[in-house]
Structure formats: structure tokens, C-alpha cells
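Please open the model in your viewer and keep the selection tool at hand.

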Amino acid sequence: MKDFTNKVTVITGGASGVGRSLAFSFGRRGAKVVIADVDKAALETATADLKAEGIDVIGEFCDVTSQDSCNALAAKAQSHFGGIHLVFANAGIGAGEGGAMWDYSDKDWQWAFNVNMWGAIRCINAFMPILIAQNEEAHFVITGSGNGAFLIYPDQPVYTATKAAVQAITENLHYQVQAMDTPVKVAALFPGPHVVETGIFNSDRVRPKDMERVSNVPDSGIHSVEDMKRIMAEFDMELQTTHPDEVAEMAVKGIEQDKFWIRSMTADAENKMRARLEMILANETPVAQGLG
């Protein structure tokens, strides 16, 4: 897809972080934008900011843990703009887990899988039938993570597990769509190459009451990018970060080039991924690589 003029773009998790940047990047290229989020205050602000730039946008509340909510979002986008051309299943959270995984609360696992994995599945269920039925060029993009898709963070097993599942789902969706006679394409978006400056470390701000954190369960102690920078500085290390706008521009280029893998990785991360693959092929005992 080379021209985004009047292309209807739906973005879950669209009120902040990468989702917000995606809305501006595509909106500035002439797309009509639907941003959806569970954070009503952030949604209202983002919608107003997009309108202030002359972008044709609507903001819709959407809880991706609910199939009915995702279906309603798809129906609203289709009825308001007359079609859908780009879908970003982008909503995601971090559970903030810390310590030994056997001490975690079931709610941490449930909430993370509800949003990160089931959210992707429910967006697939809501939007893919529409995209296929339209029988015109369209792109369905799922936001994943190198942590889970390529490498394993041993101190973030909940998040890692959700994103490993998301990558398997994304690839299977791609294979199924690829086997069909359809102009619809699937892509996997990996924010990076460094830690992205988003609010994912403060996901508790949108945590539902029935999934509230259990007080005696260990916490990572990291609730912002600044927290991570501070902790790394204590070990004389500097955290490199990536602005969400950079990720959005990478997504634009990836879609223009019909890429499945939309990613940017440091040389260090690629070396670690290569080492992990060689370790698997050699049937060696796993050694944590981390994601640099």
C-alpha cells in the first residue's frame, strides 16, 4: 500500500504510546483514523489532538478483552467511514511481575493473557471477516515483541509468554491468509530497536478491578522508563530508548513495502537471537540471552 489517502485505519491501544504515534503518522498521510482505547481520558485527549491537526478521526472506547466491544468497534469504523483498510491490533499491557514466577498471582497471568493474547484474537475475529469480504487491499498488523518472539527475558515470564503466543498467532494468521485468494496482508510489528518510551510499565493505571494486584505478590519495581533508567544507572549502565514516533514511521515504511516482519533490532540483539537459534539447533542447554 503506497497511498494512505482516505484509507480507514483502526488502532487499538490508540490513545497513547505507539498507538497514538501510529494515528498521527497515518493521519498526516491522509488516512481516516479510528483510535480505540480503554483509557477514556487519554482517548479524549488524543482525539482532540488529532483533530487539531486536521486529521479525520473518531475516538471509540474499546476493551479488547471483550469480543462484543471489539465487534462494536469494527461495526462503528465500517459504518462511520464506509470501510476498513488498516487494522493495528496494538493494545497491550505489562503485568509488572517480579521475583519467582511461582509466587505470581493468577490475576497477573490472566490479565496479561486477556489483553495481549486474547485481545489479538478478538481483533482477528472482529476485523478479518470484514477485510476478507471487502476483497481489496488491506493490512492487519499485530504488535508483538522481540521479548517472546525472538528472545526470552527470564525476569518477565508473564509478558514473554503472552508475546510468544501472539507471535505464533500472527504467523498462523499470515499463513492462512496467504493461502487464500485475497489482497489482505498480515504483518508483525516489533517496537524498537530499544526500549520504547511508552506507558506500558505503568499498565496498572488501566487494570480492571476484578484483576487488581495482590498486595503480597512481588513487583518488578519498574513503573516507568525513568525507573528502568534509574535502576540501570545504579549499575553504571545507560538505557537507550526509542520514541514511539520512530516505531510509527517504521510501520509506515513496512506497510508501503508489504513487509511481514516490521522490526528494527540492534546488532547486539541480532547476535543474541542468532546465538539462541544456534543453541536450539545444537540441542544445548539454554542460557539466557536477554534482549539488547
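Which side chain does Glu-226 meet in a salt bridge? Select Glu-226 and Lys-229: their side chains form a salt bridge, at 3.6 Å from N to O. The term denotes a side-chain nitrogen of Lys or Arg within 4 Å of a carboxyl oxygen of Asp or Glu. Both Glu-226 and Lys-229 belong to helix 7 (residues 225-233), where they are three residues apart, about one turn of the helix. Across the whole structure, the search finds 14 salt bridges.

Before the next stop, some conventions are needed. The model is predicted, and local features need pLDDT of at least 70, side-chain atom pairs count only at pLDDT 80 or more, and totals for chains, interfaces and linings use all residues. Residues are numbered from 1 along each chain as its sequence is written, and side-chain values use heavy atoms, with hydrogens and water left out. Helices (H or I, at least four residues) and strands (E, at least two) are DSSP runs numbered from the N terminus.

Seven of them form an open sheet in the order 3-2-1-4-5-6-9, with parallel pairing; two strands pair if DSSP finds at least two bridges between them. At the edges are strand 3 (57-61) and strand 9 (261-263), each of which pairs on one side only. Neighbouring strands of this sheet are turned by 20° against each other on average, direction ignored. Axes here are lines fitted to C-alpha atoms, for helices over the stretch in contact, and angles run from 0 to 180 degrees between N-to-C directions.

Now zoom in on strand 2 (residues 32-37), which runs parallel to strand 3 and is joined to it by five bridges. Asp-37 has Phe-61 of strand 3 as its bridge partner.

**Helix 1 and its partners**

Select helix 1 (residues 17-27) together with helix 8 (residues 244-256): their axes come within 8 Å and cross at roughly 55°. Helix 1 and helix 8 are therefore oblique to each other; angles under 35 degrees count as roughly parallel, over 145 as roughly antiparallel, 65 to 115 as roughly perpendicular and the rest as oblique. Ala, Val, Leu, Ile, Met, Phe, Trp, Tyr, Cys and Pro count as nonpolar, Asp, Glu, Lys and Arg as charged, and the others, Gly among them, as polar.

Keep helix 1 displayed and bring back helix 2. The axes of helix 1 and helix 2 come within 11 Å and cross at roughly 20°, so these two helices are roughly parallel to each other. To view the contact, select Arg-20, Ala-23 and Phe-24 in helix 1 with Ala-46, Asp-49 and Leu-50 in helix 2. By class, the residues of this contact are four nonpolar, no polar and two charged.

**Helix 3 and helix 4**

Move to helix 3 (residues 67-81) and helix 4 (residues 106-134), whose axes come within 8 Å and cross at roughly 30°. That angle makes helix 3 roughly parallel to helix 4. Their contact includes Cys-70, Leu-73 and Ala-74 of helix 3, and Cys-123, Phe-127 and Ile-130 of helix 4. Seven nonpolar, four polar and one charged residues make up this contact.

**Two backbone details**

Most residues other than glycine have a negative phi, and most peptide bonds are trans. Select Asn-6, in the segment before strand 1 (8-12): its phi is near 65°, a positive value in a residue other than glycine. Finish at Gly-192 and Pro-193, which are joined by a cis peptide bond with omega about 20°. Pro-193 is located in the loop between strand 6 (184-190) and strand 7 (195-196).

How values were computed:
Contact = heavy atoms within 4.5 Å.
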